[in-house]
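The sequence and structure follow.

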There are 2 protein chains.
Amino acid sequence: MQTSPHTTKERILTAAEELFARHGFDGASLRQLTAAAGVNLAAVNYHFGSKDRLIEEVFRRRLDQLNGHRMTALSRIAGQPQTTLEDVLAAFIKPALELSHEGSGSLFMRVLARAFAEHDDTLRRFLSENYGHVMRQFTVEFARLLPDLSKEELYWRVDLVTGALTHAMSGFGMIQRKSDVTERMHREQTAEHLIRFAAAGLNAP
Amino acid sequence: MQTSPHTTKERILTAAEELFARHGFDGASLRQLTAAAGVNLAAVNYHFGSKDRLIEEVFRRRLDQLNGHRMTALSRIAGQPQTTLEDVLAAFIKPALELSHEGSGSLFMRVLARAFAEHDDTLRRFLSENYGHVMRQFTVEFARLLPDLSKEELYWRVDLVTGALTHAMSGFGMIQRKSDVTERMHREQTAEHLIRFAAAGLNAP
DNA sequence: GTCTATAGGAGGATAGAC
DNA sequence: GTCTATCCTCCTATAGAC
């Protein structure tokens with residue numbers, strides 16, 4: 001796998017991420033995208049085979065990292081008696097928040113929000129097959145900490161939490177950081193907001 | 001305004017709603033759309049002027065009705081001392097749920113979820129100018145019932161509730177109705193789920 | 001009001017030179 | 001690996017007959 005940020009492949013992926021976030025998968029053309037990356041039009045088909053495979057690689061690059069961090073964080077707390085609901089939510093949310101505040105990854109959550117809205121079967125199958133196990137592992141842990149919820153109730157609430165977080169982190173309603181607050185503090189505060197809200201929702205009577 | 005469901009305009013709007021929900025605003029072409037409506041290709045430009053104006057009319061048709069119902073429900077309870085958070089949430093959620101279970105409007109919430117993901121400035125300005133007052137009225141009432149929340153906290157939580165509901169009602173995670181449950185009962189149960197979750201989230205410590 | 005036909009351009013993909 | 005040139009399909013929009 002290529003990881004240097006200077007290869008043609010990486011340049012295409014970065015430009016594609018931004019343009020898919022701003023204009024959607026259909027709305028961003030290979031012509032715009034290759035122009036923004038400073039590479040030739042034919043490079044996409046040479047390196048990725050097709051636009052659809054490029055879209056998959058845009059997800060893979062970020063989700064491998066994001067879900068890796070999530071699983072690492074979860075594995076440190078899963079099954080332990082002193083683990084709280086807030087701990088599990090933090091393991092899920094904080095890696096995404098770190099990603100969405102990195103310069104190079106700040107637009108990815110918007111791409112992810114678009115993918116949810118798309119309802120595209122091919123894309124959903126790709127995401128489910130490659131990253132479905134992450135949601136399942138988190139759900140197992142939520143179930144352990146919320147033993148009074150029926151399976152149906154739990155799925156409902158996890159889904160609502162997912163919706164709230166995707167919406168929030170896609171930057172739609174993200175409250176702007178004030179100039180007297182550091183980037184790191186702002187991220188901490190945002191995480192606290194999201195975790196408090198999600199924990200209360202999951203714990204509803 | 002045309003309200004008969006048999007006019008060319010209405011046939012186009014209904015077909016457009018379904019195709020925009022399934023394939024997105026860019027993904028659905030005027031050719032697909034007019035073929036599905038059983039009208040001529042040129043009819044869209046004759047009746048609406050352009051594809052963009054058609055998109056606006058798709059929103060207007062449903063949002064006028066949806067937000068009318070919401071405002072009516074809110075006006076019955078706003079400012080009254082016995083009104084609960086759950087009452088206000090019901091006024092917001094139930095009209096949307098009724099719409100999303102009507103045969104003809106079941107796909108509109110997916111169109112709305114796409115609009116959120118789009119981040120398109122023109123579309124967002126259109127929605128804000130025409131329907132922004134609804135969100136503001138509801139927020140006033142939430143503020144009255146949650147006097148301990150700072151303005152910032154309140155906006156955060158209302159935004160998270162919006163995200164959760166849009167996600168849920170766009171049918172992404174909508175739990176299927178079982179055959180021994182009537183449509184009406186299922187809608188009531190869904191509303192209870194959403195309201196309980198949202199009230200708990202808004203009320204978080 | 002509704003049709004056919006077409007303009008005029010953008011799209012993804014590829015062949016073949018370098 | 002990278003380029004140019006091009007194929008062919010699809011798009012929105014409109015002109016003009018009925």
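What are the helix and strand percentages over residues 6-66 of chain A, and how far apart are the end C-alpha atoms? Over residues 6-66 the chain is 82% helix and 0% strand, with the end C-alpha atoms 21 Å apart. UniProt lists these residues of chain A as "domain: HTH tetR-type" in an unreviewed entry. The annotation "DNA-binding region", also from an unreviewed UniProt entry, covers residues 29-48 of chain A. Over residues 29-48 of chain A the chain is 70% helix and 0% strand, and the end C-alpha atoms are 15 Å apart. UniProt positions are in the numbering used here, and annotations may be inferred rather than shown by experiment.

The model is predicted: local features need pLDDT of at least 70, side-chain atom pairs count only at pLDDT 80 or more, and totals for chains, interfaces and linings use all residues. Residues are numbered from 1 along each chain as its sequence is written, chains are lettered from A in the order in which they are written, and side-chain values use heavy atoms, with hydrogens and water left out.

The same surface serves both copies, since 100% of the contact residues of chain B (contact: heavy atoms within 4.5 Å) recur in chain A.

Helices are DSSP runs (H or I, at least four residues) numbered from the N terminus; axes are lines fitted to C-alpha atoms over the stretch in contact, and angles run from 0 to 180 degrees between N-to-C directions.

| Helix pair | Axis distance | Angle |
|---|---|---|
| α6(A), residues 108-118, and α6(B), residues 108-118 | within 9 Å | roughly 165° |
| α9(A), residues 183-202, and α8(B), residues 151-169 | within 11 Å | roughly 55° |
| α4(B), residues 51-77, and α7(B), residues 121-145 | 11 Å | about 15° |

The angle makes α6(A) roughly antiparallel to α6(B). Angles under 35 degrees count as roughly parallel, over 145 as roughly antiparallel, 65 to 115 as roughly perpendicular and the rest as oblique. The α6(A)/α6(B) crossing is left-handed, a term for a near helix turned anticlockwise from the far one by less than a right angle, with clockwise being right-handed. A:Ala113, A:Arg114, A:Ala117 and A:Glu118 make the contact with B:Ala113, B:Arg114, B:Ala117 and B:Glu118.

Helices α9(A) and α8(B) are oblique to each other, and their crossing is right-handed. Residues in this contact include A:His193 and A:Phe197 of α9(A) and B:Trp156 and B:Arg157 of α8(B). By class, the contact has five nonpolar, two polar and four charged residues.

Within chain B, α4(B) and α7(B) are roughly parallel, and the crossing is left-handed. Among the residues that meet are B:Phe59 and B:Leu63 in α4(B) and B:Phe126 and B:Tyr131 in α7(B). This contact has twelve nonpolar, four polar and six charged residues.

Key:
Helices (H or I, at least four residues) and strands (E, at least two) are DSSP runs, numbered from the N terminus. Ala, Val, Leu, Ile, Met, Phe, Trp, Tyr, Cys and Pro count as nonpolar, Asp, Glu, Lys and Arg as charged, and the others, Gly among them, as polar.
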